[in-house]
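Please read it beside the model shown here.

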Amino acid sequence: MVTLLAAPAQPLTNAGDTQLVIAALLGIAAVVVLIAWGKVHPFLALILGAAVLGVVAGVSADKIVTSFSGGVGSTVGGVGLLIALGAMIGGLLAESGGADSIVERVVSRVSGGALPWAMAGVAALIGLPLFFEVGVVLLVPIVLLVSRRVDVPLIKIGIPALAGLSVLHGLVPPHPGPLVAIDALGANLGQTLALGLLVAIPTVIIAGPVFGNFIARYVPATAPEALLPTRRPLAVGGDRRPTRPGQGRLDADGDLVTEDDLVNPGAGRPGAPIDEPVGRRARREPALWAAVVTVLLPVVLMLLRAIGELTLAEDTGGRKTLDIIGTPIVALLAGVIFAMIFLGYRTGFSRSQVSGFLGGSLPAIAGILLIVAAGGGFKQVLVDAGVGNLVANAAEGANLSPLLLGWLVAVGIRVATGSATVATITAAGIVAPLAATLQGPEVALLALAIGCGSLFFSHVNDAGFWLVKEYFGLTVGQTIKTWSVMETIISVVGFAGVLLLDLIL
């Protein structure tokens, strides 16, 4: 379990309730306006928003800095390591072709009618360790080629793939959003993971294949020719071979990177590709089981820990062992080590190349880590100023469900800012005091409710909106009808699943 940043024994200010409400609204409004209108990077917007909140609430400048810095440090310590390890797993899957192996095996063994379901399942599987943007880059070439090859409408198989990635990204750790909510609320990671998977399965089905089959009738789309991978990489011995679907990737400069372009850890520039010398070692495709185990190993270890907490006494050797191996950092580290061996060394990559893959996966998450860290600082200023307790008291007086409050707050911030991460961080900080009144499973459900709200109606202020639009060659209107509506379905159906589990548990 990750720990919750505790509020101080006494708030940092003696401001009244009205002043605190105004401070919170102005602080959040500052973040929204700076991101949505001022086009300021969310990292800076969160810092400035925390300053506005603290000043209006009457907190002294030195205490604002101390509170914000404490929140940043605690968040990075609890979440940053997990994000980095998850990125390393995703990088090895991408560079070795392991993710492609999973996709191709499933797609090659299903008929046209079952393809939407297969794509949703594959996206959900590879979406466990991969960030949404990475998953899109890996899956879209497969979706485009499959649509062209089997003459299936692009939207019919594209929406299920996007749904699988989006649901896992918003609801299931080790993705940043769920990890931030778990950290802020003090939820049990294993319980959140297990309950998140229960919510994710029906949500992916409804928002993916079901909605995709429906909306494909009204939104015709064809695979953009420019995005179909056509470059044939040079194989060992100099022969050209057909490009595998999804083999083409873009490097940090937007250049096409093939399997022959490997990260050079000594190039002086992160992600700089180089061509291997002629005498390189022969490589072979990673085994499908190795790619699957890489994805599932951290999840299984964390689930085993959760099962042990429910079934074993605390002082038993088995319980202690499961507590250690199921610790998120240990579980993800095990996944990285397994991937290094079976997706790296055993497939013919040298130690320096594997090291390059691991190092090359980290620069892309720098921005995410900074946003998450600044969001943790913003959240801590909210808590330390007493705003969280104020909201908790208001919710208690209004007899409002903590789950509904968390979802609504996340929805509002998501629609206003376009950032699921900012929505998750802010909502978790506001409802954090309510978590102290809830039991274990309810805290996990509160984290999931916030995650569902953070996915609501992606539109033009969300980078993911434009990513989907350009990759699928859609107009803005078509993207709203497909992607935006799909995200809203995920949010609503997922929250309904959370409420159902709350009634059962």
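1. A nonpolar core is a set of buried Ala, Val, Leu, Ile, Met, Phe, Trp, Tyr and Cys residues joined through side-chain atoms within 4.5 Å; buried means under 20% relative accessible area, exposed over 50%, and partly exposed in between (1.4 Å probe, protein chains only). The largest such core has 142 residues, and Leu 185, Phe 472 and Met 486 have the most contacts inside it. Helix H3 (residues 61-96) supplies the largest share of this core, 12 residues.

2. On provenance: this is a predicted model, in which local features need pLDDT of at least 70 and side-chain atom pairs count only at pLDDT 80 or more, while totals for chains, interfaces and linings use all residues. Residues are numbered from 1 along each chain as its sequence is written, and side-chain values use heavy atoms, with hydrogens and water left out.

3. The protein chain has 20 helices and four strands, taken as DSSP runs numbered from the N terminus (helices H or I, at least four residues; strands E, at least two). Of its 505 residues, 56% count as buried. Among contacts (heavy atoms within 4.5 Å) between residues at least 6 apart in sequence, 77% join residues at least 24 apart.

4. Leaving aside neighbours within four places in sequence, Phe 472 is in contact with Val 140, Val 143, Leu 154, Gly 158, Leu 162, Ala 221, Thr 222 and Pro 224.

5. The axes of helix H5 (residues 115-126) and helix H7 (residues 154-171) come within 7 Å and cross at roughly 25 degrees. Axes are lines fitted to C-alpha atoms, for helices over the stretch in contact, with angles from 0 to 180 degrees between N-to-C directions. H5 and H7 are therefore roughly parallel (angles under 35 degrees; over 145 is roughly antiparallel, 65 to 115 roughly perpendicular and the rest oblique). Residues making the contact include Met 119 and Ala 123 of H5 and Pro 160 and Gly 164 of H7.

6. Seven aromatic pairs are found in the whole structure. Rings of Phe, Tyr and Trp (its six-membered ring) pair if their centres lie within 6.5 Å; planes under 30 degrees apart are stacked, over 60 edge-to-face and the rest tilted. Trp 289 and Phe 342 are edge-to-face, at 5.3 Å centre to centre and 65 degrees between the planes. This pair links helix H10 (residues 288-311) to helix H12 (residues 328-344), its members being 53 residues apart.

7. Trp 289 is partly exposed, at 48% relative accessibility, as is Phe 342 at 22%. Phe 349 and Phe 357 are both buried.
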